[in-house]
Structures are given as structure tokens and as C-alpha cells.
Amino acid sequence: MRRLIFTPVLLLTLACSSKLDRRKAEDLIRKDYPVVVPVTVPEKASAEVGSPAHLRLATLKENLEASGWFTCELRTEGGQETFTFRLKPDAPKAIKAAPKGGFVMPAAEAAFVRTTKMEPTREGARIMYEIRLEKPTAQFPLFQALHQDVKVGQTKIRHATFEKKKGAWELTGTDEVFRKAE
């Protein structure tokens, strides 16, 4: 009789401890934050006049010229306009060359806020969590000119996946597009 009671209690204890708890998930996700939210400036880009891409490049040109950190050139060929952006020598050191050409500069940081939803999956767990835009830099007005619906303090939803490997929970991926500063 004792064996029958002991086995279900043991199984229940093992099953409960195998679930990912909110605190553990937040600790694992929090390690990847804060992330840098950058503004990317191409060295050269072309777009058809009147297209959304052209509007974005024209906004970028206008704001870069106002910043005083870039020289901007515009050439028109038929229905296409080609924008060329060059960094001035006296520009802030935070503006770096991008790996695929152009320039990248930090606009703000995104920090982890909290998990909002946890759901088990066959492989592990899927977590929904919030990040908050904070610590704007001098380049934030440029970022905001390109993304007019973005404000400091605004939260966004992100997703993470977890798998249990060798008895421990492991963060296997997120849909975060930004990375920590190097």
C-alpha cells in the first residue's frame, strides 16, 4: 500500500519541478538585455521617386543634413534618385562603419521588462515578454524621424523559446532583432 502512495507523489513532484517557472525564464532572457537600437545609414541607395523607399531616404537625407554629421548628395536619373551619404570627420565616435557598407549609430536601448505569457510546447516552452525603449542618444531624433510611431518608454512584445536539455532549461531563441553592444 505504501508503494502505491509513494510513486504518484514522487511522479507529481518530478512533474512539477520539470516545468519552467517565470523567474527562471526571466533570468535567462534578461541576460541578453539591454540591446542597442540602431539607426542604419546606407553609403549609397537608390529609389523610385514617390515610392515609400524614396520617402524614407529623403527623410534620412533631411535629418542627416540637419545633424551636421554627414554630407549628402542627390543625383536624379530618370525616375530614380540616388542618395549618397558620407560621414564627416568631426562626427561622433559612436557612429561606426556598418559591416555591409554604410554606417550604424546607436539611437536608444531596449531593456527587458517582464514575461507576459508562458505556454508549454512539445519541445519545451514558448514565452511572450515585453521590452521597453529607453536611454535615447543624440541620434534618437533621426530614428524617430524614420519611425514616427516610436516613443521612449514604449513597450513591444517579443517571444522566446526554451527547451529542456540534460535536465536544465535552456533559452534556444528569441525573435529580438537587436543585439547587445560590442
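Author: Lining the second largest pocket you'll find Val 37, Ala 110, Ile 131, Leu 133, Phe 143, His 147, Val 150, Gln 154, Lys 156, Arg 158 and Phe 178. A pocket here is an open set of points on a 1 Å grid over the protein atoms alone, where a 1.4 Å probe fits, with protein on both sides within 12 Å along at least five of seven lines; lining residues have an atom within 4 Å of a point. Sorted by class, that lining comes to 7 nonpolar, 2 polar and 2 charged residues (Ala, Val, Leu, Ile, Met, Phe, Trp, Tyr, Cys and Pro count as nonpolar, Asp, Glu, Lys and Arg as charged, the others, Gly among them, as polar). The space inside is about 220 Å³, taken as what probe spheres set on the points fill, with points joined across faces, edges and corners. Strands E7 and E8 (155-165) each give at least two residues to this lining; strands (E, at least two residues) and helices (H or I, at least four) are DSSP runs numbered from the N terminus.

Keep in mind that this is a predicted model: local features need pLDDT of at least 70, side-chain atom pairs count only at pLDDT 80 or more, and totals for chains, interfaces and linings use all residues. Numbering starts from 1 along each chain as its sequence is written, and side-chain values use heavy atoms, with hydrogens and water left out.

Now the rings. The whole structure holds 6 aromatic pairs (Phe, Tyr or six-membered Trp rings with centres within 6.5 Å; planes under 30 degrees apart are stacked, over 60 edge-to-face, the rest tilted). Tyr 33 and Tyr 129 make an edge-to-face pair, 6.0 Å centre to centre with 80° between the planes. That pair bridges distant parts of the chain, 96 residues apart: Tyr 33 is in the loop between helix H2 (22-30) and strand E1 (35-41), and Tyr 129 is in E7 (residues 124-134). Both Tyr 33 and Tyr 129 are buried (under 20% relative accessible area, 1.4 Å probe, protein chains only; exposed is over 50%, partly exposed in between). Ring pairs also tie Phe 112 into a cluster with Tyr 33 and Tyr 129.

Finally, the open sheet: 3 strands in the order E2-E4-E3, paired antiparallel (pairing takes at least two DSSP bridges). E2 and E3 are its edge strands. E2 (residues 44-48) joins E4 (residues 80-87) through 5 bridges, with Lys 44 partnering Thr 84.
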